[in-house]
Amino acid sequence: MSTVHESASLTPHGGDGHHEDPPLVTGNLGFHEITQLVSYHTEKRPPSTWYMAFAVSSTLLFVLLVMIAYLFWNGVGVWGNNNPVGWGWPIVNFVFWVGIGHAGTLISAILYLFRQKWRTAINRSAEAMTIFAVICALLFPTIHVGRVWVIYWTLPIPNQMEMWPQFKSPLLWDVFAVSVYFTVSLIFWYVGLVPDLATLRDRARTALRRRLTGFFALGWTGANRHWRNYEKAYLLLAALATPLVLSVHSVVSFDFAVSIVPGWHTTIFPPYFVAGAIFSGFAMVMTLLIIARKIYGIENIITMDHLEKMAIIILVTGTMVGFAYITEFFIAWYSQVEYEQYAFLNRSTGPYAWAYWTMMSCNLLFPQFFWIKRLRRSIPFLFVTSIIVNIGMWFERFVITVTSLHRDFLPSSWDYFNPTLVDVLTLIGSFGLFMTLFLIFLRFLPMVAMAEIKMVLPEADPHYYDDHGDGHAGHAAPSPTGQTEGAEGA
Amino acid sequence: MLKKILQDAKATMGIYEGRDDRIYGLLAEFSDPGMLLHAAQEVRKAGYKHFDTHSPFPIHGMDRAMGLGNSKVGYITLIGGATGLALATWLQWWTSAVDYPINISGKPFFAFEPSIPIMFELTVLFSALAAVAGMFALNGLPRPYNPLFYSRRFAHVTDDAFFLHIAASDKQFDLKQSEALLRKAGALDVEVIEDRGYSELHAET
């Protein structure tokens, strides 16, 4: 019964009717089952694995706080940054974390504009990941400025010196780009959360919970007059976030590309950085979701098909990034500029060749296994590859930042960069910050956008009920029990 | 006169006046989105203006069934974006060419080319803030108290239930006739909602 029911329901969605898409939500879940499945995790005590993960992540967060305190007390000399390599790990980490965030916006905004309905299962958690990754990203340039107590000089605030920020500097563009990105991501996420917070409010058993969720739900009642403005605003936010996300990593790449350092001064940087950002971000989404869907038992909502689609995006963007690596070499040769050629030869054969080939194999080679369908659908393989990709992408930023700087125009100033323990612990600690925020999100907020996922069910289409009888609209009164039968039969 | 304009504005947000006898309106529950869409068409055909449907997710085609035009959020966003663009242009020109010009490598004090990133970012920022603020304003949110919260069934509206609400402030509203209309449209249940004020709402539950 359920298979007949399902195929009948999917045909009106096909539109062009050439083939039937697999269902976006498996297991024949109805509206109520989705509410129950998703909301329940914010209401019950979290599983013991959550507590274990939280213990680890909050310990790492504590390490981060200690490292930052140590840094503020002693100054940036505690890092390995030296004279030619003025931008060490803090900038590597900054670019790494900003890049992670990009997948969230790609999923929530760009896939929304392209009407990719499968995004509804993963957009909430991916957007949360974006916000937390951008928080980690904002941390690094802030502590890298040295005198962190005057960080407000980067903002155009009238001050006693009567001076203004230098608007011609890409570093200042970065301040604007990343903080606008953070703000827009946050409000986009919150707007998406409002209907789901109303669901939590309406399910709340205790007065405190009802007050808290009710406060943030703003009195949402699912009125159609509200949905009308809501959907328009959501569409506009998606349309605004799409060029924004492309601009943010372009501006980050300007930090490098606008300088004259060989290895940085290339026009390929903006698209190459954006592709790399999406690549690493999708890998991070995959790592997180493989764990979260298992712990929370929502494999029917975040299905194997979702993971496979993400694997394909990783394959595409990984190949684009690999293509950019090779293009850089070609252009260095083609430009006939001695310094540019040396910078790239030095990358691949110099003292940092180990980092370069780590990057090449992790980013270009490993994703190529995703050409094989069986590997795209293997959870252990996806999990391992997603971590390898992020290691590779961290090394990409390391290679770009450090290898270009450590041998500049004057051989007498050449040096080798060695990170200190503080560098290492700060990076590890930033993962603690990220994971702690993500675990708090999983604990208290619905990790799947319930309203949106209900909308993509076949039952959400009012015309689904038209041909429920013998195909004649309005012939038989649609029975309310008709569509729950399938759900119970599963 | 002013009161009338205010009431009309509030009605577009779904905020209606209760009657003197505290009756706020009728709340009818329907079985599924198809029935709700059909009911909305019927209620509109009967000439009602102050009514709204409530559902866990937006229903495709409901705007047309209810006779609602295009949302005005777009215009507000446009105004926001234009403000952001103007502000960014003015900010960069005034700070670096008027208030404190500094000669850096002989570059012009102000030029459009290096100003574009910040012009773009502030345009996006102001547009996004305007879109969200405009959406909440047009929806009359936040609205901590809503008489519909008195209905116990209404708590399911954010889960799996579908409601149509006819406000008592509608010119055509009549307890008996409106209820008959809703029943004829296939309502599972019709409930009279009384506006008893905020303080009683939580005392009861």
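Two residues are in contact here if their C-beta atoms, placed from the backbone, lie within 7 Å. Keep that in mind as we walk through this structure, which is a predicted model.

You'll find Leu61(A) in helix 3 of chain A, which covers residues 48–74. Leaving aside residues up to four places away in sequence, Leu61(A) touches Gly429(A), Gly432(A), Leu433(A) and Thr436(A). Look at those numbers, then look at Ser430(A): Leu61(A) and Ser430(A) are 369 residues apart along the chain, but their C-alpha atoms are separated by 6.9 Å. Is Leu61(A) buried or exposed? A residue is buried if 20 or more other C-beta atoms lie within 10 Å of its own. Leu61(A) has 20 C-beta neighbours inside 10 Å, so Leu61(A) counts as buried.

Now for a contrast, go to Asn300(A), in the loop between helix 9 and helix 10 (304–335) of chain A. Asn300(A) has 18 other C-beta atoms within 10 Å, so this residue is partly exposed. Asn300(A) and Met455(A) are 155 residues apart along the chain, and 16 Å separate their C-alpha atoms.

Time to zoom out to chain A as a whole. Of its 490 residues, 49% count as buried. Take the contacts in chain A between residues at least 6 apart in sequence: 81% of them join residues at least 24 apart.

How do the helices of chain A sit against each other? Start with helix 6 (residues 170–203) and helix 8 (residues 224–257) of chain A, whose axes come within 9 Å and cross at roughly 155 degrees. Angles over 145 degrees count as roughly antiparallel, and that is why helix 6 and helix 8 of chain A get this description. Their crossing is left-handed. On the helix 6 side, the residues that meet helix 8 of chain A include Trp173(A), Tyr181(A), Val184(A) and Phe188(A), and among their partners on helix 8 are Ala233(A), Leu237(A), Leu244(A) and Phe254(A).

Helix 4 (residues 89–113) and helix 9 (residues 269–295) of chain A make another pair, packing at an angle of about 80 degrees with their axes 6 Å apart. Helix 4 and helix 9 of chain A are therefore roughly perpendicular to each other. Where they meet, helix 4 of chain A brings residues including Gly99(A), Gly101(A) and Gly104(A), while helix 9 of chain A brings residues including Gly276(A), Gly281(A), Phe282(A) and Val285(A).

Next, meet chain B. Chain B is divided into domain 1 (2–68 + 146–198) and domain 2 (73–138). Taken over C-alpha atoms, the centres of these two domains of chain B are 43 Å apart. Where chain B touches chain A, the contact takes 59 residues from chain B and 54 residues from chain A. Which element of chain B gives the most to this side? Helix 5 of chain B does, with 14 residues.

Finally, look for the nonpolar core. The largest one has 155 residues, and Val184(A), Phe282(A), Val285(A) and Ala131(B) touch the most other members. Ala131(B) has contacts in both chains, including Ala233(A), Leu236(A) and Leu237(A) as well as Val73(B) and Ile76(B). A second, separate core has 36 residues, among them Leu27(B), Ala28(B), Phe173(B) and Ala185(B).

Notes: Residues numbered from 1 in each chain as written. Chains lettered and ligands numbered in written order. Predicted model: local features only at pLDDT ≥ 70, side-chain atom pairs only at ≥ 80, totals over all residues. Core = buried A, V, L, I, M, F, W, Y, C linked by C-beta atoms within 7 Å. Buried ≥ 20, exposed ≤ 12 C-beta atoms within 10 Å, placed from the backbone. Domains from an automatic or database assignment. Axes fitted to C-alpha atoms, helices over the stretch in contact; angles between N-to-C directions. Helix = DSSP H or I, 4+ residues; strand = E, 2+ residues; numbered from the N terminus. Parallel < 35°, antiparallel > 145°, perpendicular 65-115°, else oblique. Left-handed = near helix turned anticlockwise from the far one by under 90°.
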